[in-house]
Amino acid sequence: CIAHTGSISSSVKILPESPWDPIPVEVGRNFTATCHILPGSGYTSSDISWAFGNKSVPEQAYHRINETAVSVTVNISSGMNGWLKCSVRKPFSFDESIQGILLKAGYPPEKPTNLKCIAVQEGKNISPNLKCSWEQGSRNPQLETTYTLHAKVDLDQDSSYQTICKEQEYLERSCTVNLSTFPLHMDLRVWLEVKNKLGSERTLVVTWKHPLDKETLKLTYAIRYCQAGSSVWIVVPENFTRAYTESYRLQSLEPYTQYVVQMRSIEEHHDTYWSDWSPNATIRTAEAKPASAPDLWRIIHPFSDRRNVTLVWKAPVKAYGAILHYDLGISQDYEMFSRHVINADKLHSMFSFELLPSEKAVVQLTAANSAGISPKATLFIPGADHEISAMENMRLWVRDGQLQVEWSVPSSTHNGIHLSEFLVEWTTEGELQPHWQRVPRDVNSTILNGNLAKFRRYNISVYPVYKYHYHRVLHIQAGRPQTKAAYIQEGAPEKGPTVMDTKSKKNSVELTWDEIPLELQRGFITNYTIFYKTGSNMQWQSLTVGANIRSYVLTDLLSESDYVVHIMASTEAGSKNGTNFNFKTMKYGDGEVELIVVVVCLSFLFITVFMLMLCLRKRQVIKKLLWPQVPDPSDSSLAHWSPDFPVKADMPKEDVSVVEVDVFDRKSLYEEDKLPLPLKKDKYLSEEHSSGIGGSSCMSSPRHSVSDSDEGDSGQTSSSTVQYSSVMASGYKGQTPVFSRSESTQPLLEGEEHLEQSGDGQGRHSYFRRGREIQGNCSPDVNATSSLSFCPVEEEEALPALEDSQAGSYMPQQSGYRPQ
């Protein structure tokens, strides 16, 4: 930087900058510099002027970029060493601001020639110090140039020696390298590297021995070489090797690159035939500073609250040496860069960090080898909501065993964002680091340059990559990708699906199976086929479902049956069956058991309620059935018919008509039955049952008969069913007589049996005798208010035969039997 004059000292700036060191420029080349006016200075581009030293540069060399910048292009001549200055000044003003850069003209180093090395004898051994010399070209580089001498033993991969010799004098070039121990009877390769700030040159020396003595046959040689792995040979012109020599120096080679060299020979005057090409001789050139930046890429895994960013990279294409380490810088939201040094001997070149969804990051990466540091690779990661639009119309297909990718070029963007290139990425299961390759922006298809394995699925993505400047910083940003999966070759699945779970019912079952592991699919699953059967002799039944289905319900199955099922997975190349799975359908369907339980419970409840209600309504009947009333003979009404039985004061008096029935005299019984009852003919007035309100009522004795001595029932000899009837009249006027009837199936009382068996012949033919016939007329009671009238009855004295007997008697009762 030169001194400023005037009152303004910071109004302009020159690019490229070189604050202290001179800028080397190559003689014969054009050199361009740009002068920028700083904001707020008040100058415009019309106020800029250029000068070299004290000589103004013609305005024809100016190029006005905009209102604040003007560039100048000059051709460098051999003696152009000095200041290139930019100045700004208003017309008719003495205020001026000047800034300049120092230029130094020179040449790149020329290829050294005639490299010779000597090891002298020291006592009985050869000195390990190998002194080499060479010849330089006639042109003086005019720049500081360094010479590096390399020596290497071919059989020892680790033995590499080098020494750096800076120039002392232009005409003499020599340097000594120490080999530790001189390699006797071993091939030693020596090469020289020449370098200055305008470039470097490397050479390889090819040496050989004559197969024949020159007196026998004088030979000339041809040499060809190529980079290792290439099939394009570079042939050294024959006139360069016509001399009878045993060495030749290969020049203009790439640094740190393996070359393959071959030779053949022919008679000096070409009077014979060419020999065969010799076996390959392989050698690597020396290292140089990396000439290209590392290939930097990123993988983003989004989460709900953050983004996980994994940085991956490849070594520079023009590494020109073994990369020792990488220098990684990360700036989040344009804050200060955090530095990370990552050794190149790590297994994987990757680094991970986290970003918030709204955060941005700028990533910078350089690579370093023993000769220097590479150019910088940059990558911009925007916020999640500021990603550029995605690709469209991506297509994949396989041709000649290679996977080809095609896509549509997106439309150009605005606001200074321009499409730079495309990046094609492919990943597969089990690999930690993805593969990718870059494609120029004017190309919309490519072939994946990788060794893709058969039967493996690859996820292929195409990213558009954009370049733009933001805050004077170059941003390289990838847009949203389009991703598809592909196989280089498909096969049948290695394993079939396995049924994991079943939900068996009466006539159906739900089958569930997991997806086959991706590494075992060996192709895209097109469908699943379900095979099932019951019994050993039944045929398999099958049905096919889609590839995206993981569960299915089989219907129309037999209840309470054993089934066998397996599932087959299919791809375009074949199919594979899974293992058999056994299940059994249920006896009852959903809800049937519950329905049966509910019906049984309701039925039981209904029957219980019905029986309870029936018992409540028929409790008297049930009581008589379960606990029947057994009459007590001692409480029979016959005992109350005896004259000796005192009549209770509270019992109403009844007129009793006793009918004498001979159970063996059917005629007498029938005749007696034909006689009219006294109650139907006459009316009696009972004074004992007067109502006390002027009315009167009479009680007539009902008819008593034996009803259970049927004709033909000869088996009944000592007992018979006796029916007792009585009529009771209440003591109120207007009431209808009440008939009371009692039947008993009990055997005759003990006294009655004696009566039947004792005395004269008439005793066994009759149980009772009529007491007295009712005679006389009966007139109605004039005082009676009821239309019903009764006649008085006189009781007849009991028969002597009955009085003498000890038999009990029955008294008429209103309900049931009264105790005697």
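Which residues form a disulfide with their sulfur atoms 1.9 Å apart? Cys35 and Cys86 form this link, a disulfide being a pair of cysteine sulfur atoms within 2.5 Å. The structure is a predicted model, in which local features need pLDDT of at least 70 and side-chain atom pairs count only at pLDDT 80 or more, whereas totals for chains, interfaces and linings use all residues. Residues are numbered from 1 along each chain as its sequence is written, and side-chain values use heavy atoms, with hydrogens and water left out.

The chain contains eight helices and 50 strands; helices (H or I, at least four residues) and strands (E, at least two) are DSSP runs, numbered from the N terminus. Of its 820 residues, 38% count as buried. Here buried means under 20% relative accessible area, exposed means over 50%, and partly exposed lies in between (1.4 Å probe, protein chains only). The accessible surface of the chain comes to about 48600 Å², and 51% of this area belongs to carbon and sulfur atoms. Accessible areas come from the Shrake-Rupley method with a 1.4 Å probe, and for residues only the protein chains shown count as cover. Among contacts between residues at least 6 apart in sequence, 66% join residues at least 24 apart, where contact means heavy atoms within 4.5 Å.

Two disulfides are present in the structure. The link of Cys35 and Cys86 is left-handed, with -65° about the S-S bond. Cys35 belongs to strand β3 (residues 30-37) and Cys86 to strand β8 (residues 82-89), so the pair ties together parts that are 51 residues apart in sequence. Both Cys35 and Cys86 are buried. The other disulfide joins Cys117 to Cys132, with an S to S distance of 2.0 Å. The link of Cys117 and Cys132 is right-handed, with 110° about the S-S bond. Because Cys117 lies in strand β10 (residues 113-118) and Cys132 in strand β13 (residues 129-135), this pair ties together parts that are 15 residues apart in sequence. Cys117 is partly exposed, with a relative accessible area of 32%, whereas Cys132 is buried at 0%.

Two loop positions were also examined. Ser45 is placed in the loop between β3 and β4 (48-52). With a relative accessible area of 4%, Ser45 is buried. Apart from neighbours within four places in sequence, Ser45 is in contact with Ile37, Arg64, Asn66, Glu67, Thr68, Ala69 and Val70. Phe337 is found in the loop between β26 (325-332) and β27 (338-343), and its relative accessibility of 28% makes Phe337 partly exposed. When residues up to four places away in sequence are not counted, Phe337 touches Gly329, Ile330, Ser331, Val362 and Gln364. Phe337 and Gln364 are 27 residues apart along the chain, and their C-alpha atoms are separated by 9.0 Å.

A search of the whole structure finds 11 aromatic pairs. Rings of Phe, Tyr and Trp (its six-membered ring) pair if their centres lie within 6.5 Å; planes under 30 degrees apart count as stacked, over 60 as edge-to-face and the rest as tilted. One of these pairs, formed by Phe380 and Tyr468, is edge-to-face, at 6.5 Å centre to centre and with 85° between the planes. This pair links distant parts of the chain, with Phe380 in strand β31 (residues 377-381) and Tyr468 in strand β37 (residues 457-470), 88 residues apart. Phe380 and Tyr468 are both buried. Phe606 and Phe610 form a stacked pair, at 6.4 Å centre to centre and with 20° between the planes. Because they are four residues apart in helix α2 (residues 592-617), Phe606 and Phe610 are separated by about one helical turn. Phe606 is exposed, at 59% relative accessibility, while Phe610 is partly exposed, at 46%.

The unreviewed UniProt entry lists residues 595-616 as "transmembrane region". UniProt positions are given in the numbering used here, feature names are shortened, and annotations may be inferred rather than shown by experiment. In the model, residues 595-616 are 100% helix and 0% strand, and the end C-alpha atoms are 31 Å apart. Cys601 is partly exposed, at 46% relative accessibility, and Cys615 is partly exposed as well, at 35%.
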